[in-house]
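Please read its points with the sequence and the model open.

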Amino acid sequence: MQNLISANWDQTPTQPIKQNQIIAAIDIGTNSLHMVIVKIEPTLPSFTIIAREKETVRLGDRHLETGELKLEVIEKAIACLGRFRQLAQTLDAESIVAVATSAVRESPNGRDFLHRVETEVGLSVDLISGQEEARRIYLGVLSGMEFQNQPHIIIDIGGGSTELILGDSEEPRSLTSTKVGAVRLTGELISSDPISEIEFEYLQAYARGMLERSVEEVLANSPVGVSPRLLGTSGTIETLASIHAKATLGSVPSTLNGYQFSLADLQELVERMRKMTIVERTAIAGMPEKRAEVILAGAVILQEAMSLLGVDTVTVCERSLREGVIVDWMLTHGYIEDRLRYQSSIRQRHVLKIANKYQINLEHSDRVAAFALSIFDQTQGTLHNWNESHKQLLWAAAILHNCGHYISHSSHHKHSYYLIRNGDLLGYNETEIEIIANLARYHRKSPPKKKHENLRNLLHKEHRLMISQLSAILRLAVALDRRQIGAISRVKCEYLPDLQEFKISIFPTHIGDDCALELWSLDYKKGIFEQEFAVKVVANLVNN
């Protein structure tokens, strides 16, 4: 059974994970200083974020005449980095990897600042080029989004620069960096509040003109006849997504990863914000106070980039440069064999990470998953018409169905729902996580019912049908490993439409084993499957 799962899921190991190194990554940006602290998990390979810190310092607010970093801003940044280092040490970080981007890169006294950081804080900082910044952003996005070997354009709007990247989960096809950023354009081009008509028109034209060359390079390297998907990262885009979510959904989702909004909605928001003062923008639902001053310039950069690229929607990715710094560290230290393997198995790795976290018996879960996928394959096109992407959701639910035992055996299926729902499953969108959680919820006890609160988050009838049908398959799979010893090696399914009968032939691992408990459990659990698919389940043991 182990081999079946490995064959289907890129041979990702499922053995228990040892305690591993803790690494901190610091991004000294133009607008903010960010730190992420992670635990490296080499067996997957993956990392778990254990702490995040952010402080708005505005290094990009430089002297207009000299272009130098201001002394008061340097002092603020050094104090912040001292706190970051202290927190990293408190959490037992063995290494701190720090990078500085455009504001420090372009300042005449940028290197002096980094020397002070080294002597006063004890931090060695890498000053990276715009293209290297783009490369590491690409790695960070790969760690949090599924590309499925399809071309994607990534846009990262920072305080001082905007990176445009074209990639398809292997080597990036194009890495560009342009000197337009939310802080830079606000400081250089906006002096009126609210912005005047002349300044607004110039802001749009300037952003467009500066981005044209990067956009041309990205489009020239795009495959002919394919429209790449646009992914957006960093604070500007996350803020715009939060504002959009507040306006359309009434609240901001627990994760913005995978959240989408359209160019038309963005244009409408830009039109609204250009007529507001900074104080009025602060009152917009979903707007962080410190972002209100620079959000208009950031939104215009995104608007002009989308228009030039000819795309009408952007999808948010919450991972970016600092996560890319971690991935780059893992690559250089031999934790990841190659980027492609790291990307292609992102969903499986995060499912297995949660399985490890909640001490799931993976041998049992692997067997349950193998039976579930086998029944799925053998009934596809006859009892159901779900596809390969839905099969992946069934696999995830089968691996995680018992995680609720971590809280309590009693009603553990309900605990499984909440643990999965709030488990930070990367690579999946909110709806997919909801489906996986519900499939696990209904592997035992009551079948799905409209009155159940956990089904209310699924607005589409199709999703509710999927949960009803795939959870019925999962129930049979759980029954087939009732003793959790691998008593059954495989199953063969046959649908007889004339008799409305579903025959399931069971092949024991050891000849002579009557598999009495498994057959009893199958008989006990088959009712919901029979009801869902309007068949009579007939099981027989093949002992030869």
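Is Gln484 exposed, partly exposed or buried? The reply is given in point 2, after the basis of the note.

1. Basis. This is a predicted model, in which local features need pLDDT of at least 70, side-chain atom pairs count only at pLDDT 80 or more, and totals for chains, interfaces and linings use all residues. Residues are numbered from 1 along each chain as its sequence is written, and side-chain values use heavy atoms, with hydrogens and water left out.

2. Gln484 is partly exposed, its relative accessible area being 36% (buried means under 20% relative accessible area, exposed over 50%, and partly exposed in between, with a 1.4 Å probe and protein chains only). Gln484 is not a glycine, yet its phi is positive, at about 60°. Its loop runs between helix 19 and strand 12 (488–496). Gln500 likewise has a positive phi, of about 50°, without being a glycine; this residue sits in the loop between strand 12 and strand 13 (501–508) and is partly exposed at 33% relative accessible area. Most residues other than glycine have a negative phi, and most peptide bonds are trans.

3. A cis peptide bond. Asp193 and Pro194 are joined by a cis peptide bond, with omega about 0°. Pro194 belongs to the loop between helix 6 (182–189) and helix 7 (197–220).

4. Overall form. The protein contains 20 helices and 14 strands (DSSP runs numbered from the N terminus: helices are H or I of at least four residues, strands E of at least two). Its radius of gyration is 26 Å, close to the 24 Å given by the globule rule for 544 residues, so the protein is as compact as a globular protein of that length (the radius is taken over C-alpha atoms, and the rule is 2.2 Å times the number of residues to the power 0.38). The C-alpha trace spans about 85 × 45 × 45 Å along its principal axes. Of the 544 residues, 57% are buried.

5. The largest nonpolar core. This core has 65 residues, and those with the most contacts inside it are Ile375, Ile399, Leu480, Phe502, Ile504 and Phe529 (a nonpolar core is a set of buried Ala, Val, Leu, Ile, Met, Phe, Trp, Tyr and Cys residues joined through side-chain atoms within 4.5 Å). Helix 19 (residues 461–479) supplies its largest share, 10 residues. Apart from this core lies another, of 47 residues, which includes Ile153, Leu230, Ala241 and Ala305.

6. Ile504 and Val537. Neighbours within four places in sequence aside, the residues in contact with Ile504 include Ile375, Leu480, Leu522 and Val537 (contact means heavy atoms within 4.5 Å). Val537 lies in strand 14 (residues 536–541) and counts as buried at 4% relative accessibility. Val537 and Gly187 are 350 residues apart in sequence, and their C-alpha atoms are 71 Å apart in space.

7. Helix 17. This helix (residues 412–421) is mostly covered, with 7 of its 10 residues buried. Those buried residues are His412, His413, Ser416, Tyr417, Leu419, Ile420 and Arg421.
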